[in-house]
Amino acid sequence: MSEALIDWFIGALGGKIGKEFIAFIISMVPILELRGGLLAAGPALLDIPMWQAIPICVVGNLLPIPFILL
């Protein structure tokens with residue numbers, strides 16, 4: 001199921017916004033979270049270097065927390 005959601009995000013947003021922002025958005029989705037963002041950022045899909053993908057996905061995963069707690 002998570003692979004289908006990742007493929008949908010890439011298909012729907014690819015070409016419209018940067019691949020880093022796609023990984024950021026995927027990391028914010030509660031179902032996919034950090035694991036889905038890192039899988040999407042890997043060489044098979046978005047091909048973002050891991051040294052760049054890890055901070056992007058971690059920030060994307062942490063950003064919704066204050067809003068969820070409120």
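Mentor: Terms first: helices (H or I, at least four residues) and strands (E, at least two) are DSSP runs, numbered from the N terminus. This is a predicted model, where local features need pLDDT of at least 70, side-chain atom pairs count only at pLDDT 80 or more, and totals for chains, interfaces and linings use all residues. Residues are numbered from 1 along each chain as its sequence is written, and side-chain values use heavy atoms, with hydrogens and water left out.

Trainee: What order do the elements run in from the N terminus?
Mentor: The order is α-α-α-α-α. That is 5 helices and 0 strands.

Trainee: How does the radius of gyration sit against a compact globule?
Mentor: It agrees: a compact globule of 70 residues would be near 11 Å, and the protein has 11 Å. The radius is taken over C-alpha atoms, and the rule is 2.2 Å times the number of residues to the power 0.38. Along the principal axes, the C-alpha box is roughly 35 × 25 × 20 Å.

Trainee: Switching to the inside. Which residues have the most contacts in the largest nonpolar core?
Mentor: Ile-26 and Leu-46, in a core of 14 residues. At least two residues each come from α1 (2-13), α2 (19-28), α3 (33-41) and α4 (50-62). Such a core is a set of buried (under 20% relative accessible area, 1.4 Å probe, protein chains only) Ala, Val, Leu, Ile, Met, Phe, Trp, Tyr and Cys residues joined through side-chain atoms within 4.5 Å.

Trainee: And what does Leu-46 touch?
Mentor: Leaving out residues up to four places away in sequence, Leu-46 touches Ile-10, Lys-19, Ile-22, Ala-23, Ala-40 and Ala-41. Contact means heavy atoms within 4.5 Å.

Trainee: How much of the protein counts as buried?
Mentor: 30% of the 70 residues.

How values were computed:
Buried < 20%, exposed > 50% of the residue type's maximum accessible area, 1.4 Å probe, protein only.
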